[in-house]
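Please look over the sequence and the structure shown here before reading on. The paragraphs below then lead through it step by step.

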Amino acid sequence: MTEPLTHADFKSDIKPVWCPGCGDFGVVNAMTKALAKLALRPENVAVVSGIGCSSRIPAYTSCYGFHGVHGRALVAGAGLKLARPDLTVIVTGGDGDGYSIGGNHFLHACRRNVDMTYIVMDNRVYGMTKGQPSPTTEPDWDSKLSPDGTGLREFLPMVIALASGANFIARAFTGDPNGLADVIVQAVRHPGFSFVEVLSPCVTFRPEQREWKRMVRTDALEPTADIARATRRLMRDDGFDLGVLFAGGRPPFEPRGTRGTKPVDELEARFAV
Amino acid sequence: MKRKLPRTVGEFMAYAWAMEVEAAERYAELAEQMSTHHNAEVADLFAWLARIEGKHRDQIMQQMGWTQPPDTAAFSWDTPEGPETTDYGDLHYLMTPYHALKLAEHNEQRAAEFFEHFAASKVPAGVRDAAAEMAEEEREHVRLIQEWLAKFPEPEAGWDEDLDPPQGAD
Amino acid sequence: MRGWPARLSKMINPAASYPSVSIALAGSGGAGVMTAGNMLLEAAAHAGYYALMTRSSGPQIRGGEAAAMVRIACRPTECMEDTFHVLAAVDWENVQRFSAEIPLGPDSLLVGDPDQGAPHEVFTRSGATYAPLPLKKMAKGIVEGRANMLLLGLVAELVGLPDDAVVRAVEKTLGKRPAALAPSLAAVAAGRAAAAAIPTRFPLAPPPPCDAPRWLLTGNEAAGYGAIKGGVRFVAAYPITPATELLEWMAPALAEVGGTLVQAEDELASVNMAIGGSYGGVPALTATSGPGLSLMVESLGLAVAAEVPLVVVDVMRVGPSTGIPTKSEQSDLNIALYGLHGDAPHIVVAPNSVADCMRTTQWAVRLAETLQTPAIVLSDQFLGQTRAVIDRPADLADASGRVVAEAGAPGYQRYAITPSGISPMAIPGTSGVTYTADGLEHGERGTPSSQGTDHLAQLDKRQRKLELADYGSHWADVEGDGDVAVITFGSCTGVVREALAHARRRGFGARLVSMRLLSPAQPARLAAALAGVRKALVIEQNHSGQLYRYLRAEFDLPCPIESLRRPGALQFTPAEIRGHLAEWSRT
């Protein structure tokens, strides 16, 4: 079958449960466009997620999907990619799933640098559980669970990603699905662990985020392969600069040692008296 | 992403076509979203708008005598999406036909401005003429939408009030 | 492996020949008793004997007090004896902490260096003979000689292990360090010569003919190999005592056969990586112990709900919480059976000997793959870390495997309700049958559903596929006969077997049921195995009687059952079981 696929071929017939206005619709749009542009086939792509509104995304694509447990999408995706290096693995999820319960795995995923792409739909809130602060929520944001705010400094995913070794780091915005699609294409093409932090407004619990479209700065980041330069750039980042921050040269993770072809029963020599 | 200026009528109409395609697809998607959220009135409205944009798209194909869709890979919009495409972020599940039509009006206005911009730029005369024509058509669409709008007055404050709190599913 | 060489002239009492001898070597501060113990074990193997070695040590990482316990026997052996024949110590620093693990009797022999202090009263009160030897002085007399090698030679002489077997064992360990080899061999020879000063001997009976391959390995290694035989080609690992060696053995072995092992950042990562790999179509495994299994249970539930095959080996240790990481216990049965939230039926199996670790782990892989569910393998520290000389285990005849969906299968539904409960699994890369696996409850297509009817249908499906499966004869070992029975599992099986064999020789008969398949419960099969039995004793190594309670809860048994249990850090001895059985069976 040689006819090129369009983004429509990557969408499933399942209707998203997301609130109209949700930024995540933009991500489905962008992802499907990106996958078509990459000339991939749905059966060779796996979308792996955890728990949260944005983690519903796998079923909205026609690719293989894995909707796992909260916080563990990155490791499920890594296991899948390591067992099946022939697949394109895209891990998706939200800021709570990825930076809170998933924080440890995020850090190590950047270190490990397995060739896969991680798209985080950051709305600075736990939406699915009805409005609690997440690690990226502003310290003074009032909520029922943390009245008057958490008082905690925000988690800075781009900083953590850069410091931990992610090989491609970008920020995008769901209000620009075409721009996001381009970034996803670059991210998938770039070897190693590619991290795309996507500002994705939650119109239900953070309706003020509708203002984001007036605050983001398109093409404000210039990709560099120089970590020091990217670091300096991040030091004057206010969270609304879009573009590719870092595109590095780390080789993607490969398990050490050659994969052999020895027949299994030859292992018995290790036990023979 | 710098927009490349069309040099031929064909290239220009490819822009116009792409705009309609994106607008139609978006309206269809929004119709589905509204339907899932049980806002039948607005779902129907978006579906109708999708059909209209689809007609515009087909008209362009016919007009230009194209048997294949044009290649739109080489250009891009100055704005994040096509001028006639509704921003996902502008929806609300309780929105009324008034709001939907205001969005449509905004889309048509932007489309008209888009073509007016071409009509006023350094493009060959043929393209300028085609652009002026398209701009006039879009202005006509704006008037049509405004006629519809007259039937739907702006709703009172509190239109977005839902007495039920949000639900969590997972 | 050879026949018995003629050394009769050197034996003091040729008529007393031992079918089994148990030796303990002890010492501290880098004395090298573990190394000597290993060499003794290897020498026994080379001489054609079966053998078993366990170890114990103080908490220090290095230089602590240590003991190596070796049993050498003419028949396959799965447990330690009631008493040790020899306790030979380089020094006595804190060796009394091992006293419970090295029981002595009046016929036992204590060997020690009088310049390093006297044996502790806890050892001498047994009535054992004490033979002092100036080990340190003797070692000094040999250039770079070490006391542990002296003891090796001495012990070899005391039990009659032939020279060539001992030399071979020493060469195997020290072969890469030629500078250490010669002095060690000299020390071994000196140790042999020093035995002349000790009248006691425990000469081993001749070894049986060796007509089949013999292996020297630990249960952890056997389990790792069994997993690979079962088809595992992806392992995600996080180290934890006493499971680490299983993973470390698998790392190079997997690579050799084309598989992959990766180290993860924690157990949550390792179990989810394994699930991801398995979702991708590659049989996957992780191994851990109690604390790690506790972390993994949420994800095991995911594997149940999404119907993803998975094997988790739990090498049980003393719990709860951090417990005693270096000691064995059978107290994770509860969490293995009940630890998943919701109704989440899955497989739980337990190997019952070092040799059985291979077969039962392989079986677990086959079950997990065929039934598309997680399988927990309950091994334990005793099985996992004991080094044993065994007959090469028989292969498992089981060709079952994952049922996969064909490309383009029309109307494919991943979680279709089928009579067997097993629905074909689409493997990523296969066109036309893409689906999203989900921990959310779902309908047949896999789309999330909050409908009670879908939930019931899927629960029934997941239950049915386990219930209808044919577990063959592997579900338990049913041995012997009598009007009473012993029910047990895991490492208790070895000591129970030995106790029953001894009792049988004295005319006492009892049936043994060692359960390998713990979940799903097989009440009808257990009832059949107990037909004609008037009462059964459930023997297990945990405090609360987890197997006993499980049997009472889930099984309709044809006879009353009672519980004999003790928590971990100490294995049952055959004598204790025999004594208890004798008393218990009187009524």
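Predicted model: local features only at pLDDT ≥ 70, side-chain atom pairs only at ≥ 80, totals over all residues.

The interface of chain C and chain A comes first. Here 61 residues of chain C are in contact with 47 residues of chain A. Together the two chains bury about 4400 Å² between them, and 61% of this area lies on carbon and sulfur atoms. Charged side chains also take part, for five salt bridges are found across this interface. One of them joins A:E268 and C:R392, with N and O 2.7 Å apart.

Which elements of chain C each supply at least two residues of the side that touches chain A? They are the helices α1 (33-46), α7 (219-230), α8 (244-256), α9 (267-279) and α10 (290-306), together with the strands β7 (214-218), β9 (260-263) and β15 (436-438). The largest share, eight residues, comes from α9(C). By residue class, this side of chain C divides into 32 nonpolar, 17 polar and 12 charged residues.

Chain C and chain A are also linked through strand pairing. Strand β2 (residues 64-67) of chain A pairs with β15(C) in the parallel sense, over three bridges. Within this pairing, A:G65 stands opposite C:T436 of β15(C).

The interface of chain B and chain A may be described in the same terms. In this case 25 residues of chain B are in contact with 30 residues of chain A. About 2100 Å² is buried between chain B and chain A, 48% of it on carbon and sulfur atoms. Four salt bridges are counted between these chains. Among them is the one between B:E29 and A:K11, whose closest N and O atoms are 3.6 Å apart. Eight residue pairs, both members at pLDDT 80 or more, are in polar contact across the interface of chain B and chain A. The side of chain B that touches chain A is made up of nine nonpolar, seven polar and nine charged residues.

Attention now passes to the interior of chain C. Strand β2 (residues 50-57) of chain C is largely enclosed by the rest of the structure, because six of its eight residues are buried. This strand has two antiparallel partners described here. Eight bridges join β2(C) to strand β3 (residues 66-73) of chain C, and C:R55 stands opposite C:A68 in β3(C). Three bridges join β2(C) to strand β14 (residues 387-391) of chain C, where C:M53 stands opposite C:R387. In a regular strand the side chains alternate between the two faces of the sheet.

In chain A, the loop between β4 (116-122) and α5 (157-164) holds A:T137. Is A:T137 buried or exposed? Its relative accessibility is 2%, so A:T137 counts as buried. A polar atom of its side chain lies 2.7 Å from the backbone oxygen of A:R124, and the side chain of A:T137 also reaches the backbone nitrogen of A:S134 at 2.7 Å. Leaving aside neighbours within four places in sequence, A:T137 is in contact with A:R124, A:V125, A:E154 and A:R206.

In chain C, the loop between β8 (234-237) and α8 contains C:Y238. This residue is partly exposed, with a relative accessible area of 26%. The C-alpha atom of C:Y238 is 5.9 Å from that of C:Q263, although the two residues are 25 apart along the chain. Not counting residues up to four places away in sequence, C:Y238 touches residues including C:L247, C:A264, C:D266 and C:A287.

Some details of the backbone remain. Most residues other than glycine have a negative phi, and most peptide bonds are trans. Against this background, a cis peptide bond joins C:G319 and C:P320, with omega about 5°; C:P320 lies in the loop between β11 (310-316) and α11 (333-338) of chain C. The peptide bond from C:S519 to C:P520 is cis as well, with omega near 5°, and C:P520 is placed in the loop between β19 (517-519) and α16 (523-529).

Positive phi values occur at A:K130, near 75°, and at B:H38, about 60°. A:K130 is found in the loop between β4 and α5 of chain A and is partly exposed, at 41% relative accessible area. B:H38 is found in the loop between α1 (9-36) and α2 (40-64) of chain B, and at 73% relative accessibility it counts as exposed.

Note on methods: Residues numbered from 1 in each chain as written. Chains lettered and ligands numbered in written order. Heavy atoms only, no water. Contact = heavy atoms within 4.5 Å. Buried area = accessible area lost by both parts, 1.4 Å probe. Helix = DSSP H or I, 4+ residues; strand = E, 2+ residues; numbered from the N terminus. Nonpolar A, V, L, I, M, F, W, Y, C, P; charged D, E, K, R; others polar. Pairing = 2+ DSSP bridges. Buried < 20%, exposed > 50% of the residue type's maximum accessible area, 1.4 Å probe, protein only. Polar contact = N/O pair within 3.5 Å; in protein donor to acceptor, adjacent residues only side chain to side chain.
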